Amino acid sequence: MSQQKKIFDKLAVIGVGLIGGSLAGALKTSGAVGTIVGFGRNPENLTTALDRGFVDSVTTDLAEAVSAADLVLLATPVSTLVELFPQVVAHLKPEAILTDAGSVKGDVVDSARVTLGSHFAQFVPAHPIAGRERSGAAAADTDLFRNHWVVLTPVAETNPQALDLVQQMWERVGAKVRLMDTATHDRILGMTSHLPHAVAYALVAQLGALEGMEDYSSMTAGGFLDITRVASSDPVMWRDIFVHNAEITADLIADHRAVLKRMEELVRSKDADELEAWFESAKKLRSELQSVRARNK
């Protein structure tokens, strides 16, 4: 175990799934926290987290989990996270820091401002941009956040010391931290994450509505599976993301529909030159995106 200085004595992880379990395990490995308690509603998942050494203890009692914690991490689907705010704040120590891992920030921050009262200043909104299609403590990985972005979206009221400690925590597990306002976060992630998931789910739904599914299934090409990979993600989590970033995501879906309409027109008119130019431009842009991603690793 690393001999680096502890950042927190006691951490409570609310939702010990892929994100919560991975962060808990990484923090224990790094020596960044003293003890970690995991809270959840699924005893089997909690046992898995305990058996894998991600947490020191587990409980299904929320008050027990958070009352002695220096930092509380809410790592649940967004709707659950928002519902838990008033329950969590009722048991927090006055100086305790609260943070989250929600994929939407605007609705989360708005809800926190209303429900956390004077403790709102101790809330540091966060979004680790790392994930996999599998979920639960069984899927957790202590290297999940290494060289991945974590976006923090502090507001004017956010305590600078709380912000600094949460940033230190994420950096300790190998993440790269970026500060961003909530509106910019939700707009960017809407385009780069939420819309692609919507497209993937829509493609699978379109396939599922066709007759002769057995033939289609046996002939499914690699390209279809590649582009729809993210449709294997947790349905509850993505339901909540779309609901809590609804306006931005709906607007992006409408924009995408217009792009598809233009492609339909080019295909129907058999405009080979324009199609090739469009595809060439898309290919170039995707290569540039890959290069930027590689440089940022």
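Tutor: In this predicted model, a pocket is an open set of grid points with protein on both sides within 12 Å along at least five of seven lines, and its lining residues have an atom within 4 Å of a point.

Student: What is the volume of the second largest pocket?

Tutor: The lining of this pocket includes I7, F8, D9 and D70. Others among the lining residues are E95, Q122, N159 and L165. The second largest pocket has a volume of about 180 Å³.

Student: Which element gives the most to the lining of the second largest pocket?

Tutor: Strand 1 (8-14) and helix 6 (160-172) each supply at least two residues of that lining. The largest contribution, three residues, comes from helix 6.

Student: How many residues of the lining of the second largest pocket are nonpolar?

Tutor: The lining holds three charged and three polar residues. Ala, Leu, Ile and Phe are among the types that count as nonpolar, and A96, A162, I97 and F8 are among the residues in the lining. The number of nonpolar residues is six.

Student: Which residue of strand 8 stands opposite P128?

Tutor: Strands of a sheet pair through backbone hydrogen bonds, either parallel or antiparallel. Strand 7 and strand 8 (residues 149-152) run antiparallel and are joined by three bridges. Opposite P128 stands V150.

Technical notes
Residues are numbered from 1 along each chain as its sequence is written. This is a predicted model: local features need pLDDT of at least 70, side-chain atom pairs count only at pLDDT 80 or more; totals for chains, interfaces and linings use all residues. Side-chain values use heavy atoms; hydrogens and water are left out. On a 1 Å grid over the protein atoms alone, a cavity is a set of points where a 1.4 Å probe fits but cannot get out, and a pocket is an open set with protein on both sides within 12 Å along at least five of seven lines; lining residues have an atom within 4 Å of a point. Grid points are joined across faces, edges and corners, and a volume is the space filled by probe spheres set on the points. Helices (H or I, at least four residues) and strands (E, at least two) are DSSP runs, numbered from the N terminus. Two strands pair if DSSP finds at least two bridges between them.
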